[in-house]
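Welcome! Here is a short briefing to read alongside the sequence and the 3D view.

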Amino acid sequence: MDKDNIIVRMVSVSKIYPNGVKALNNISVDIVKGEFVFIVGPTGTGKSTFLKLINREEKASDGRVIIDKQDVGELSVDEIPCLRRRLGVIFQDFKLLPARTCYENVAYALQVIGAGQREIAYKVPRSLESVGLIDKKNSYPDELSGGEKQRVAIARALVNHPIIILADEPTGNLDPDTSWDITQLLIDVNSQGTTIIMATHDKSIVNRTRKRVIVLDSDGTIFSDQERGSYIRGL
Amino acid sequence: MIRRGAVISVDYSTLRFFFTEVYISIRRNLLMSIAASSTMMFSVLILGIFLLIISGLNFITRSFITQVDVIVFLKDGLSEKAIYELKNNLLSYPSVEAVHFVSKEEAFKRLEEKLGVGNLSGVRKNKLLNNIEVSVGNPEHIEEVASRAEKLSGVDHVKYGKDIVDVLIKFSRMVHLIGIAGIILITLITVIIVSNAVRLTIYARRKEIEIMQLVGATRWFIRWPFILEGLFYGFSGSAGSIILLIFICQLSSNFIFEKFPFLSMLPGVTPLMAIFLVFIGLSVGFLSSMISVGRFLKV
């Protein structure tokens, strides 16, 4: 593994929530730039926590989380937004704003970080085009199918050219065909160099793509970490 | 590398974004916005009515106090020079504002007028004394002036409404104290009530806040539209309450002047009071938004 290319490094990381739940237990992982990694495991094994540690929604109780050579545990509250501007996030429930059109939803991600009109007018159509939704730019989320909503969410995640995309069960609310389309889209994004870390339950997707698979155990440890892995153990 | 630098450059497009957000938020949550603004209006109105009562009481006590001056009665047979020196002596006290000599004859004339009888000539005019009326600027110094004047040669005795001055001064101090305590209390209660109303409008937009945080908006960037919204409620609410106050003053003054004509000089809503109420409204709006949005800001 090329050390200079490591984009996510977790060193002996544990996360215990204030209510005593131990989500992650002394895990160490390296993820290289441009990788596509599945995080799998039964419900409650800390898949979401794994992603939240990367964008500093949560702070590790123990150990170090290093993103692009920066220890995110050392970031002050004012520095966290800078980290998040370099990451894209997508969720099972899409997290789109219902009262805004597709275009406005994507533009919103640029507006709130203080981007100018010209930058927005340049980036938003390109981002929508890359997910194949430029024709629906004036539609509201309620007028879209589940797969289309997730595409808008991906366009929003991509618009700021992130170094990593964190996907938390992005196909959880979608039918199998649409799930596969969304996964294909993420594979396309990955092929252009963006690192993708995707937490999922979806056995068929994991087995069909043959990417790296990190399996978390119910005690919060890493059960297995395989290149070109599959969804094992009937989890 | 991740660098620090989450500072917003407040340029035209950012400002436009803020104001558009405020406009959209108020329009989309119109009922809640009206509720927040009305809550603000009634809270500031209560503060305003309280201020009017306090300033009215203050005005009345002050005007009573200034009517009670020190009267220095002079011994009979003082020369004009002696009277002149006494006047100058009294005027040299720092707290004395003016002195006015009242001769026996003038005192008699005043008595006639006061009693409303035509001619009292021949009626024990010699019982009256020449006197000097002394106006004291600060009522709290009346007692000191009186006791000093009493010791001057040529002075027969000194009169002032000691009891009433004491009572009025105590009353005026109490009015001040209640005023300040009341303003602080009502303002605090207003912050609590209004911040709950504002929280409802922010709650309606918690998803926006969550997304803003996820895509890397700074905490201040997230706060500003809500603060502007709070300032808007503060301004519109306090402006509304001032209009209502002026209306209330107009209505009540007709009634009051009819019954108590001497109160016709009562100060109504002064420009200073209006500015104060707007300032309180804006401060409460700002604080309420800061408190409420803080509850929805995760790290």
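In which sense do strand β1 (residues 6-16) of chain A and β2(A) pair, and over how many bridges? The two strands pair in the antiparallel sense, over seven bridges. Please keep in mind that this is a predicted model.

**The four-stranded sheet of chain A**
- Both of these strands belong to an open sheet of four strands in chain A, with the order β2-β1-β4-β5 and antiparallel pairing.
- At the edges of this sheet you will find β2 (22-32) and β5 (70-71) of chain A, each of which pairs on one side only.
- For a handy landmark, look at Arg9(A), which stands opposite Asp30(A) in β2(A).
- Helix α1 (residues 47-54) of chain A lies across β1, β2 and β4 (62-67) of chain A, and the helix runs at about 120° to β1(A).

- Strands β9 (residues 212-216) and β10 (residues 222-226) of chain A are paired in the antiparallel sense over four bridges.
- Val213(A) has Gln226(A) in β10(A) as its bridge partner.
- Five residues sit between the strands of this hairpin of β9(A) and β10(A), where Gly220(A) takes a positive phi near 85°.

**Where chains A and B meet**
- Chain B brings 24 residues to the contact, and chain A brings 23 residues.
- On the side of chain B that touches chain A, at least two residues come from each of α1 (12-28), α7 (206-214) and α8 (219-259) of chain B.
- The most is given by α7(B), with five residues.
- Sorted by class, this side of chain B has twelve nonpolar, six polar and six charged residues.

How values were computed:
Residues are numbered from 1 along each chain as its sequence is written. Chains are lettered from A and ligands numbered from 1 in the order in which they are written. This is a predicted model: local features need pLDDT of at least 70, side-chain atom pairs count only at pLDDT 80 or more; totals for chains, interfaces and linings use all residues. Two strands pair if DSSP finds at least two bridges between them. Two residues are in contact if their C-beta atoms, placed from the backbone, lie within 7 Å. Axes are lines fitted to C-alpha atoms, for helices over the stretch in contact, and angles run from 0 to 180 degrees between N-to-C directions. Ala, Val, Leu, Ile, Met, Phe, Trp, Tyr, Cys and Pro count as nonpolar, Asp, Glu, Lys and Arg as charged, and the others, Gly among them, as polar.
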